[in-house]
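Good morning, and thank you for joining this group meeting. Please look at the structure while I speak.

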Amino acid sequence: MNNPISSAFWAMVHRDLLAQWRDKGEFIFRVVMLPLILIITYGYVLPEIGLVPREFPTHMFAGMIGMSILITGIHGTAIPFTMDFNNMHEIEDRLQAPVPANLVAYAKMLVGIIEAFIGGLLVLPFSAFFMGSRVELALQGDRIVYLVPVLILIAIASATLGLLVGTIVKPMQIAAMFPGFLMPMVFSGAIFFTWKSLTAVPFFQKIILINPLVYANEALRFALTPQIDSMPIACSAGGLIISSLIMGYFGFKRFHYMCVNR
Amino acid sequence: MSAQTENILEVRNLKKTFTMKSGHKVEAVKGISFSVRRGEIFGFLGPNGAGKSTTISMLTTQLAANDGEILIDGIDARRDPVAARAKIGVVAQHNNMDRSLTARENLLFHAKYFGMDEAAAEKKADEYLEKFGLAEWQNDYVSSFSGGMAQRLKIARAMMHTPSILFLDEPTTGLDPNYREILWEQMLELNKQGTTIFLTTHYMEEPERFCENIAIVNHGELKALGTSSQLKALIPSKNILTLKLDSLNEDDARAAAALKDVQQAKIQNGTLQLYLNTKQPDFDGIIRWTEDRHKTLQNISLSTSTLDDVFLYLTGSAMNAPEK
Ligand SMILES: Nc1ncnc2c1ncn2[C@@H]1O[C@H](COP(=O)(O)OP(=O)(O)OP(=O)(O)O)[C@@H](O)[C@H]1O
Ligand SMILES: [Mg+2]
């Protein structure tokens, strides 16, 4: 345990979790609000007034989980990096530690991953409350085994995307992130529709393949709601892995740049 | 580990150019070289924008240099930044404390990042919180600290892991004279315990009082390096008469140089500086001379040279003059 690298790493993780814990009200608010409002409108109000079919909640359930995990993870990693490198400079003390700078990024990403899982979990009670019996989970043994690996892949994808975004975006641009990045990602993220159902709009079907949320939601759909047609798991898992690799590659490149060009 | 080198820091031909958004290039550090002896207090002096912070950032592995060599305790900091960081403590010019942690936690987490043993860290935190007058506030968040308190905590944090060399970027800027004194007392004590201190400042009196060696930088260049008396010996005389006249040109300077007791005359920072070989100049004669040249004398003052004068002599502009 007295390996300086591992003790520095766990101290960094501890520091982040402690700081986030002290701000837990903000965390819960930011993580819960978006899925909550989407669940109320699309999962409860619209089916209730008959604008969408009554089984619609089942359609969107996997998407809600995927969206929460991905967005919480991106946010949990990206915002601290953006603020730290540009405004707060709190990260400097960690970057001054006699350990490779990558360790600082890994620690922050692990915290993003932990937060992402918490984000996914927090959606469950609202889903139960507002969509309740309308969500039909047809859990099947041969599918459910994919759930944990899929959740892990999504969380990793969220942290790598967070690293990339956090080392590119400036604090002044954060406000623009919501309409310019998160909203397009959410609405093209195969939450309210399945990827296969898009054969009618082929250009859209193709273009949204750059959105990692599509793979996340399709993979979750595969594991949780097998009765709904989803992308083959090899494609969705592959999409998550490839996007993590690409975003991780550029994310670390940017991170290194930011470390020595502050 | 090899035998201790005499110089804890060696810098050779260090360069940094920033490219601004407009494409304009700023040569912040133009190939400077110097060394710092183990155990000394070294002052790095220069006006705003001289390149002090840029240099410190490169020396402490926070900024990639364009060229040059940095040896910290014999370690090539550009090749092996991780090993170099184990040797150094940094006090940045800006506030970079962890605002969501308490004062004590700031010290303890820092110690953990540096792989310190927990018991040793707790003990040291107690000691420094006491010494820096922060014990009473140790469990308060840093976000509620005044500038002076945060500054003291920043220094305490940088000392936690007992660095071989401590870099402080303008540590006394923004502190009242009382806290400046306290800070200096603490820095001197740390130095006595063996820590080399490298500090930047634009207050002239501080390095004059405390630093063994002083480097003067301006526009990214090293203008001079030496002890305070060595630096003062660079100017023609230590008795300086400064004349402020309503108008000045090079002819005036040439004419003044021929006056009695004047060793050299220079126009600097809009004033005429006469370097004298006497402590008691002929004021009447000088006033008459200004009248003969039809100038209005607005101010005349006699002083013994300070580092300010050295700076003025070397660069032609005052240390704390507003930037053009
Ligand atoms: N990140 C940066 N990008 C572009 N230019 C920079 C950057 N950092 C510093 N500079 C420029 O480099 C020069 C030296 O700046 P530096 O901060 O090192 O000066 P300094 O001596 O520390 O000044 P001060 O006393 O104001 O702290 C300045 O002209 C500054 O504008
Ligand atoms: Mg500076």
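I shall describe chain B as a whole, and then turn to ligand 1.

Please keep in mind that this is a predicted model. Chain B contains 11 helices and 14 strands. Along the principal axes, its C-alpha atoms fill a box of roughly 75 × 45 × 45 Å. Of its 324 residues, 52% count as buried, that is, under 20% relative accessible area.

How do the contacts run along the sequence? If we take contacts in chain B between residues at least 6 apart in sequence, 70% of them join residues at least 24 apart.

Let us now consider ligand 1. Which residues are closest to ligand 1? The ligand is surrounded by 15 residues, and the closest are B:Gly49, B:Lys52, B:Ser53, B:Thr54 and B:Gln93. Sorted by class, this shell has 6 nonpolar, 7 polar and 2 charged residues.

The side chain of B:Thr54 has an N or O atom 2.5 Å from an oxygen atom of ligand 1. For B:Lys52, a backbone N or O atom lies 2.8 Å from a ligand oxygen atom. A polar backbone atom of B:Gly49 is 2.8 Å from an oxygen atom of ligand 1. Taken alone, ligand 1 exposes 630 Å², and the protein buries 68% of that area.

Finally, two elements of chain B give two or more residues to the shell: strand 2 (25-37) and helix 1 (52-59). Helix 1 of chain B gives the most, with 3 residues. Thank you for your attention.

Notes:
Residues numbered from 1 in each chain as written. Chains lettered and ligands numbered in written order. Predicted model: local features only at pLDDT ≥ 70, side-chain atom pairs only at ≥ 80, totals over all residues. Heavy atoms only, no water. Near = heavy atom within 4 Å. Polar contact = N/O pair within 3.5 Å; in protein donor to acceptor, adjacent residues only side chain to side chain. Areas by Shrake-Rupley, 256 points an atom, 1.4 Å probe, with all protein chains shown as cover. Helix = DSSP H or I, 4+ residues; strand = E, 2+ residues; numbered from the N terminus. Nonpolar A, V, L, I, M, F, W, Y, C, P; charged D, E, K, R; others polar. Buried < 20%, exposed > 50% of the residue type's maximum accessible area, 1.4 Å probe, protein only. Contact = heavy atoms within 4.5 Å.
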